[in-house]
Amino acid sequence: MDDRALRSRLADTIGDERDRIVDSWVQAQVEQGAIRAGFSEDDVRQEAYPVIAGLAEALAADGPVRQAVSEAAALRSALSQLSLTRAQAGASSSATASAVLALKEVMLPLLRERAGDDRDLLLDLSLTLSRVVDAAGLVVFQSYLQGREEIIRRQTQEIQELSTPVVQLWRQILAVPLIGTLDSARVQVVMENLLHGIKEHEAKIAILDITGVPTVDTVVAQHLMQTVAAARLMGADCIISGIRPQIAQTIAQLGIDLSTIMTRATLADALTGAISVVTEGAGGETPGELVALAR
């Protein structure tokens, strides 16, 4: 029997025994420990039917097995959804792939029934099924990695946003308390959040508090200068507070010029200066003139 006939026979077996295959597959996953908190047996069963239907579709398609599996849209969609759901539930990549590979063991008794005493046919059907399920397992593994990368990327973005809050301290006064190491990506988030906050609150002064920043080097200083320049373009000025003695010494040694920026030792000093600026600047001065008033 040629490969096309073997795949057609497997597709017919899956079509005829769909419910039986699903029941056995779900049971096999339960025994593997695939059921986790927040992930029930019904969830596993709902995942199983689209995968089994997609598998039959891939077997009925023309072309090499791996290509047929990768190009079967319904199967890829079902496998991708299975991978994403498992990744979100905290299942490992190996556990997810093992769940799919369990289909080989689940279907083996059915193939024995179909082959009867024909051992050569049983061997051929088993090898064909193994190639198809292995290809499906590869798709699952790739989808799992993509899903995990997307989850990590989204969580990283959420952490960055949470680590750079923009807080309104007073009318027209914002503060950005920075804690931890600053890098280009994080400073970019700081700038975007700050500019959005300036627009939303019609702020005139933004306090960048670096009390919790362990070190300031040339790159970090340049990023802060760029943030200050961008804020000025939005009509606001910035005060940098929390410059500890070690950081002040580093800035001086690096020759970084912060003379155009208002600085204060503590956040409290910065807020006091900002309130003074806003109060005295009620006459309509520009932000740069407002800062000059507070010096």
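## Overall form

Of the 295 residues of the protein, 41% count as buried, where buried means under 20% relative accessible area, exposed means over 50% and partly exposed lies in between, with a 1.4 Å probe and protein chains only. This is a predicted model, in which local features need pLDDT of at least 70 and side-chain atom pairs count only at pLDDT 80 or more, while totals for chains, interfaces and linings use all residues. Residues are numbered from 1 along each chain as its sequence is written, and side-chain values use heavy atoms, with hydrogens and water left out.

The radius of gyration of the protein is 31 Å, whereas a compact globule of 295 residues would have one near 19 Å; the radius is taken over C-alpha atoms, and the globule rule is 2.2 Å times the number of residues to the power 0.38. Along its principal axes, the C-alpha trace spans about 95 × 35 × 35 Å. The accessible surface comes to about 15000 Å², and carbon and sulfur atoms account for 53% of that surface, the areas being computed by the Shrake-Rupley method with a 1.4 Å probe.

## Secondary structure and contacts

The protein has twelve helices and five strands, taken as DSSP runs numbered from the N terminus (H or I, at least four residues, for helices; E, at least two, for strands). Among contacts between residues at least 6 apart in sequence, 73% join residues at least 24 apart, a contact being heavy atoms within 4.5 Å.

## Helix H6

Helix H6 covers residues 93-115, and its 23 residues should span 33 Å at 1.5 Å a residue, which agrees with the 34 Å between its end C-alpha atoms; the expected span is 1.5 Å times one less than the number of residues. At Met 107 the helix bends by about 35 degrees, and Pro 109 follows within four residues, the bend being the angle between axes fitted to the seven residues ending at a position and the seven starting there.

Met 107 is itself buried, and the buried residues of H6 also include Thr 96, Val 100, Leu 103, Val 106 and Leu 110. After the helix comes Gly 116, whose phi is positive, near 65 degrees.

## His 223 in helix H9

His 223 lies in helix H9, which covers residues 218-233, and counts as buried at 14% relative accessibility. When residues up to four places away in sequence are not counted, His 223 touches Asp 183, Ser 184 and Val 187.

## Salt bridges

The whole structure holds twelve salt bridges, each defined as a side-chain nitrogen of Lys or Arg within 4 Å of a carboxyl oxygen of Asp or Glu. One of them joins Asp 23 and Arg 45 at 2.6 Å, N to O. Because Asp 23 lies in helix H2 (residues 18-32) and Arg 45 in helix H3 (residues 41-60), this pair ties together parts that are 22 residues apart in sequence. Asp 23 is partly exposed at 39% relative accessible area, and Arg 45 is partly exposed at 24%.

Another salt bridge joins Arg 153 and Glu 150 at 2.8 Å, N to O, and both residues lie in helix H7 (residues 119-163), three residues apart, about one turn of the helix. Arg 153 is partly exposed at 45% relative accessibility, as is Glu 150 at 34%. The side chains of Asp 19 and Arg 18 also meet in a salt bridge, at 3.5 Å, N to O, while Asp 16, Glu 17, Arg 20, Glu 113 and Arg 114 are linked in a network of salt bridges.
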